[in-house]
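Please open the structure in your viewer and keep the selection panel at hand.

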Amino acid sequence: MSILKIPTAKVFEPLLQPARYKGAFGGRGSGKSHFFGELLVEMCQAERGTLAVCIREAQRTLAQSSKRLIESKIASLGVGQGFKTYSDRIATPGDGVVIFRGMRDHTADSIKSLEGFKVAWIDEAQSLSAHSLALLRPTIRAPGSELWASWNPRRKSDAIDDFLRVRLPPGAIVVNANWRDNPWFPAVLDEELRADFQHLRRWRKSVEQAQSYTFKAVITVIATGFVGAVWLGIKATLGK
């Protein structure tokens, strides 16, 4: 068994423990996909013969899959000699394999081909339908098998949110990760974020100024109306 020493952001450390369900949700730039990509490479390196599938709800081409990310992790971790990349899969040490599938293309019969797989990683899991999740869960049932999910939350009613955040099955490990939790937050995203913050501050200031002007205008109208009413009252009184 070969163990890789991979630096891990503190927020993801709970996910290093074995668990049937592992989830990481939060905004972009948090490193969720990068963490699971490295974890998958590490598992394939440490446990020879690992069978893993990377899932998305819709995957018309491999360009829409996690394949390129995993290939980059294999290269950056320096373990390329134990892996072999093909057009549609990645062979891993000990006759293992990582394949890539879109759940929308599967039926109850076709998904049986995934029986015996040790890991299923669902990336962009916010798009996973309840039907796909119901098909996948009983299919990945090898001893010690795990289902991983990484996603950017949209609605609590989304299947993955309902399952891993609302219901939270026993033994599941789920973490909330955002850009502040990422020690390797990309400089280009940092610049984008700072620009957005500056824009937000300018927008907020303009709104506050507009509100201030509106308040002053309303007070002026009220005061003018009040003075006018008083003056009319005085004139009416004097005219009697």
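A polar contact is a pair of N or O atoms within 3.5 Å, where, within protein, one must be able to donate a hydrogen and the other to accept it. With that in mind, and remembering that this is a predicted model, select Thr-139, which sits in helix H3 (residues 130-139), and display the backbone oxygen of Leu-135, which lies 2.7 Å from a polar atom of the Thr-139 side chain. Thr-139 counts as buried, because its relative accessibility is 6%. If you set aside neighbours within four places in sequence, the residues in contact with Thr-139 are Ile-111, Leu-114 and Glu-115.

Next, select helix H2 (residues 67-76), where Lys-67, Leu-69, Ile-70, Lys-73 and Ile-74 are buried. Looking down the axis of H2, you will find its buried residues within an arc of 165°, so they line one face of the helix, while Arg-68, Ala-75 and Ser-76 are exposed on the other side. The elements against which the buried residues of H2 pack include helix H1 (32-46) and strand S5 (96-102). After H2 comes Gly-78, with a positive phi near 70°.

Finally, turn to the largest cavity, which holds about 40 Å³ of space. To show its lining, select Tyr-21, Ile-122, Leu-133, Leu-147, Ala-149, Ile-160, Phe-163 and Leu-164. Helix H4 supplies the largest share of this lining, three residues, and strand S7 (146-151) supplies at least two. Coloured by residue class, the lining shows eight nonpolar residues, no polar and no charged.

Key: Residues numbered from 1 in each chain as written. Predicted model: local features only at pLDDT ≥ 70, side-chain atom pairs only at ≥ 80, totals over all residues. Heavy atoms only, no water. Helix = DSSP H or I, 4+ residues; strand = E, 2+ residues; numbered from the N terminus. Buried < 20%, exposed > 50% of the residue type's maximum accessible area, 1.4 Å probe, protein only. Contact = heavy atoms within 4.5 Å. Arc of directions from axis to C-beta. 1 Å grid on protein atoms, 1.4 Å probe; cavity = no way out; pocket = protein on both sides within 12 Å on 5 of 7 lines; lining within 4 Å. Points joined across faces, edges and corners; volume = space filled by probe spheres on them. Nonpolar A, V, L, I, M, F, W, Y, C, P; charged D, E, K, R; others polar.
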